[in-house]
Amino acid sequence: MRVAGIDCGTNSIRLLIADVAADGSELRDVVRTMRVVRLGQGVDATGAFAPEALERTFAAVKEYKKLCDEHQVQAIRFAATSAARDASNRELFTSKITSILGVEPEVISGQEEAQLSFAGAASVRAGKPGQVLVIDLGGGSTEFVLGDQSGPLAAASLDMGCVRVTERFHLDGLRSRQSLEFLDSTLQTLDGVVDVSQVDAVIMVAGTCTTLTAQALGLKQYDSAAIHGAELSFAQMRQATASMLSYTREQRQALGFMHPGRVDVIQAGAVIVERILDYLERASGHREMLLVASEHDILDGIAASAAQRA
């Protein structure tokens, strides 16, 4: 059957239209697209969606509805994540999406977000033994999911993301004491919840991580095929984050692999990645781990779940 998954995050809204195998084991992409709408603009400070952010999001959903109709989609699942969990006026958001799409959006919990992320991302390591940690770094939150070939074992959703950190610490500085203390104390809440001591590979998904992978690989343009499955050391990723943090806005904007909507938040993402790497080294007793980039993520999990429900 043909299904659609829509992932509505804090920074971007993405659509995957895919054909699902009869046994549900495989998705074949028909359309995969993204719009940066910054739905979470100001939510961390005001607790509500900004009118202009809602209008950008509704315009993107109208485009996606047209694509779903053109491709004769049989089932749609719309999942909204961190920003929608935090907004006081989310009923306005959900009612308008329902009227446009004909499907009620689901504001999913951090735990379900983590499980869907694992379902989408773990395929990049299919058939390989050992424990993996999937990290989905979004605009408002970051999900950590520990698992193996049998599926997820433990998960946590932390309220730190590239948009949230950009808005909260842009005046003090992304590497200010306040920012680093916030990130480190937030990461420490993983202790006793997600045990990383036996992790063999860390799968990093979503735009911040794939953009930093493009930087680490020295790509001139964004190349999904080169990024998906790319393996990096912690040292290579740290070099990529350091470079990104050294660039001016104009230099970031000029990077061929940089999405225009990510220019203003990628440096906060780079700081978050640096602190995550530091945390993983300490919490694992400096166990050697491989970093793997995946283009398959929560969006694939949402589409697959639409098929399972149908």
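Which residues of the protein chain fall in domain 1 and which in domain 2? In this predicted model, the domain assignment places residues 1–108 together with 298–306 in domain 1, and residues 121–291 in domain 2. The centres of domain 1 and domain 2, taken over C-alpha atoms, are separated by 23 Å. Contact between the two involves 14 residues from domain 1 and 14 residues from domain 2.

The size of an interface is often given as the accessible area lost when the parts come together. Between domain 1 and domain 2, about 1100 Å² is buried, and carbon and sulfur atoms give 42% of this area. On the side of domain 1, N11, R38 and D44 supply 41% of the area buried against domain 2, which is more than any other three residues supply.

Polar interactions across the interface were also examined. The number of salt bridges between domain 1 and domain 2 is zero, whereas three residue pairs, with both residues at pLDDT 80 or more, are in polar contact across the interface. By residue class, the side of domain 1 that touches domain 2 consists of four nonpolar, six polar and four charged residues. Charged residues are therefore present on this side of domain 1, although the salt-bridge count between the two domains is zero.

Notes:
Residues numbered from 1 in each chain as written. Predicted model: local features only at pLDDT ≥ 70, side-chain atom pairs only at ≥ 80, totals over all residues. Heavy atoms only, no water. Domains from an automatic or database assignment. Contact = heavy atoms within 4.5 Å. Buried area = accessible area lost by both parts, 1.4 Å probe. Salt bridge = Lys/Arg side-chain N within 4 Å of Asp/Glu carboxyl O. Polar contact = N/O pair within 3.5 Å; in protein donor to acceptor, adjacent residues only side chain to side chain.
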